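Morning, everyone. Please have a look at the model first.

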Amino acid sequence: MKFFWKLYLTIMLMVVTCFSVGGYLLIETGFKSSLQREIEMAYQENDILFSSFMNDLLTPVDGFVNYENSKKEKFSVIQNSAATLRVQTFNGGISFCLRDNTGKMIYQNGGFLDDISMIKEIKSGNRGYKITENKSKYKIHTLRKLEMAIDDVDIYLENSRDISSLFKGRKEQYQTFMYCIGLLSLVGAIVIFIVTRWLVKPIEKLSQATKQITAEGLGTEIKVSSDDEIGQLTKDFNTMTKRLMVSMDKLQEALNRQEIFVGNFAHELKTPLTSMIGYGDMLRSKKLSEEQIISYANLIVQEGKRLEVMSMKLMELIVLKKQNFEMVKINTIEFFDEIKAVVAPIMKDSKIEFKVLVEDIEILIEPDLMKTVCLNLLDNARKAIIDNGVIELIGVKSNDCYCIKVKDNGCGIDAKEIGKIKEEFYMDDKSRSRSVGGAGLGLAICDQIVKLHHGEMKFESIKNQGTVVTVLLKGGEIFEEN
């Protein structure tokens, strides 16, 4: 069964049940209250009869006080006294009778039968009542014992009061109530149907949106039309959808990064590969001395090993997000000499003047990763130069930091693009970068490596004049030479 019908039938059942119970209790409470008043009125009439009868009976009557009178004579006196008793109310005369302790009638003025049931139920000095029904007519009978006896025979005074109108009124109320229940059910069915449809409509919208998301994907926002719980649920659903979209976009972006990384990782390793190819080509095509051959071969082996180690570390850094690389204390002169040995042949082939200025101290870094930073920055500087190029690699101590700078007189970067150049796969001049073998990963990799050293990378550039990249290694320890 659908939620709509469950809600609709539940509300209908609750409304009809509550109205029925409430109407029943109201009618019965009113009836019992009216019945209690009628009982009190019947008791009051009984009290009036009792007082009047006892006063008349205690008035000296010839021969009644003579205890030698026979039982029959005494009963005759009581009957005569009762026959003269008349009590009038708003409803007319009060009907009453006198009984002995066997329920037999001594006197009545109409409508009473021999009955001992009430006499058995009351005790001496008490009074009681009974409601009787005969041919749809209802009466209240009240009974009390007189404070006298004739030859050990107790006498009881009983009166009756017609309450048929009370029961008739209750019956009419129930008939009216049943009519109202039917009318309420009809009107309520229509109203509750409309209200239930209105309540369930937002949930149906949520269901439709869920189906649309299943069929078409995220992107559908549901209009919030209320501030109640359903409206809050709709807001929460929209918020969840937006967050899912963001999460999915991030996941897709990460997937795209990894896919592109796999396809373009080789391009970012072009610098060491170019160096190895250059040395290999020199060995193959030129006549060299034995010392040169050994030196170039040694450089090729060193670059090959460094390339292998660097590839794994870059993979761990970018793909696996590894952060716990071991830092090593290294001399800056030795460190930059290794970089110069790799880059110098490339700079020479590109007809670029390459200058190195390094302050001789010891620093705490991860050498392979920091070489990657320097080589990437130098390679970017080389790609930015068109002709008459000059590139400077500077390493100096600055306050509590070690500062590495790469300066060039290349094409520069537009001021509005500087904030984007560290994003993965971003290239300022895409056509030129692709033509020289770039993939847009270099500066993003460099930025991660610098952050791994608790450092900072800054860019200063003027279009068509050149660029200065500054790497501040603020978090690493610096060991000065004694």
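Start in helix H6, residues 270-285. Arg284 and Asp281 both sit there, three residues apart, about one turn of the helix. Their side chains meet in a salt bridge, 2.8 Å from N to O. By salt bridge I mean a side-chain nitrogen of Lys or Arg within 4 Å of a carboxyl oxygen of Asp or Glu. Helices (H or I, at least four residues) and strands (E, at least two) are DSSP runs, numbered from the N terminus.

A word on the source: this is a predicted model, where local features need pLDDT of at least 70 and side-chain atom pairs count only at pLDDT 80 or more, while totals for chains, interfaces and linings use all residues. Residues are numbered from 1 along each chain as its sequence is written, and side-chain values use heavy atoms, with hydrogens and water left out.

Now accessibility. Buried is under 20% relative accessible area, exposed is over 50%, and partly exposed is in between (1.4 Å probe, protein chains only). Arg284 is exposed, at 69%. Asp281 is partly exposed, at 32%.

Next pair: Glu38 and Arg161. Their closest N and O atoms are 2.6 Å apart, in a salt bridge. Glu38 lies in helix H1 (residues 3-58) and Arg161 in strand E7 (residues 153-162), so this pair ties together parts 123 residues apart in sequence. Arg161 is buried, at 11%. Glu38 is partly exposed, at 22%.

Arg144 is in strand E6 (residues 137-150) and Asp47 in helix H1, 97 residues apart. Asp47 is partly exposed, at 28%.

How many salt bridges in total? The count is 15.
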